[in-house]
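Okay, thanks for coming, everyone.

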Amino acid sequence: MKPDLSTVDTLPGTPGVSLLRAKSALRAALAEPRREGRTIGLVPTMGYLHDGHLSLLRAARGECDVVVMSLFVNPTQFGPGEDLDRYPRDEERDLRLADEAGADLVYAPPVEEVYPHDFSTAVEVGGSLTSVLDGDAARRGPSHFRGVTTVVAKLFNAVQPDVAYFGQKDAQQAAVIRRMVRDLDFPVNVEVLPTVREPDGLAMSSRNAYLDPEDRERAVALSRALRAAEEGARAGSLAAGLDAAHRELDAAGIEPEYLEARDPELMEPVAELNGRPVLVAVAARVGGARLIDNVLIRP
Ligand code: AMP
């Protein structure tokens, strides 16, 4: 049987996840827990859940009294020609998995609820943080991050969470959101949790669904390349590590959009290990999927 998609079927604190479509219903459901001083955790997602998403939900379940997952494929973070229309969706399965991982509320608004027809405001983190790597105009561009920060700001306002959970898999996104929270004084504690991987190392991603079996095998070269980069860096030379990483990608016939070492907070280029964490990030098209991955090399 399909779940009833229109109503609140259970309330926070009672077993079973509630599906909410409207901001007003979300606010109503959170009013009492908030009044009682219960902590609220938010896990923003675009759905098609995998273990990466579930790790965020489980962390939220362990740390917060009320766990809200948002499920919204955000059109404003997709550029023209990107995969908005074919982005994988399976709401029924997502609800079941969110329930099993301990979510209390799933907020899955229709597009018009988030972006009414005369919507005309954006939240933008400026500067190099959003104009390099994925923000480079030749790649997804700064408008991708403008879409992300706009929707996350709206979700923060709608849910007013105490804690919001994000994945290190999207390292630049996490840095941009941290900056937005700091700059705009959002009273939200941002937690960034480690990348969850398949047994062979491929970072979990909803977009892995686009990979045919052959490309799925080639795609593991991204994580292999990042491991080579880390090993090279730890052996004494970040440049040599990046060379080794390029060789791994070459061997799999993958040409990266970028493979770069950067400061994980400022996203400025880094030439050598410098006693601070260094982010090595990669993006590449593999068959029908544009994949990203990264490793954080800690001193
Ligand atoms: P998405 O649905 O792809 O927008 O991702 C929702 C959240 O899950 C974001 O904070 C992502 O960084 C996080 N996430 C996605 N993939 C992974 C992964 N493999 N491991 C950990 N977190 C992830």
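Predicted model: local features only at pLDDT ≥ 70, side-chain atom pairs only at ≥ 80, totals over all residues.

How many residues surround the ligand? The count is 17, and the closest are Met 46, His 53, Asp 170, Val 196 and Met 204. Two of those names come back when you look at backbone contacts. Val 196 has a backbone N or O atom 2.8 Å from a nitrogen atom of the ligand, and Met 204 puts a backbone N or O atom 2.9 Å from a ligand nitrogen. Then there's Gly 167, where a polar backbone atom sits 3.0 Å from an oxygen atom of the ligand.

H5 covers residues 142–159, and H6 covers residues 171–183. Their axes are 10 Å apart and the packing angle is about 55°, so H5 and H6 are oblique to each other. If you care about handedness, the crossing of H5 and H6 is right-handed. Who's touching whom? On the H5 side you've got Phe 145, Val 148, Thr 149, Val 152, Ala 153 and Phe 156, and on the H6 side Gln 172, Gln 173, Val 176, Ile 177, Met 180 and Val 181. Sort the residues in the contact of H5 with H6 by class and you get nine nonpolar, three polar and no charged.

The other partner of H5 is H1, residues 23–35. Here the axes of H1 and H5 are 9 Å apart, at an angle of about 50°, so this pair, H1 and H5, is oblique as well. From H1 we have Lys 23, Leu 26, Arg 27, Leu 30 and Arg 34, meeting Asn 157, Ala 158 and Val 159 of H5. The contact of H1 with H5 splits into four nonpolar, one polar and three charged residues.

Last pair: H7, residues 213–234, and H8, residues 238–251. Are they parallel or antiparallel? Their axes come within 7 Å and cross at roughly 160°, which means H7 runs roughly antiparallel to H8. H7 passes H8 in a right-handed crossing. The contact includes Ala 221, Ala 225 and Gly 232 from H7, with Gly 241, Ala 245 and Leu 249 among the residues from H8. By class, the contact of H7 with H8 has 11 nonpolar, two polar and two charged residues.

That's my tour, happy to take questions.

How values were computed: Residues numbered from 1 in each chain as written. Heavy atoms only, no water. Axes fitted to C-alpha atoms, helices over the stretch in contact; angles between N-to-C directions. Helix = DSSP H or I, 4+ residues; strand = E, 2+ residues; numbered from the N terminus. Parallel < 35°, antiparallel > 145°, perpendicular 65-115°, else oblique. Left-handed = near helix turned anticlockwise from the far one by under 90°. Contact = heavy atoms within 4.5 Å. Nonpolar A, V, L, I, M, F, W, Y, C, P; charged D, E, K, R; others polar. Near = heavy atom within 4 Å. Polar contact = N/O pair within 3.5 Å; in protein donor to acceptor, adjacent residues only side chain to side chain.
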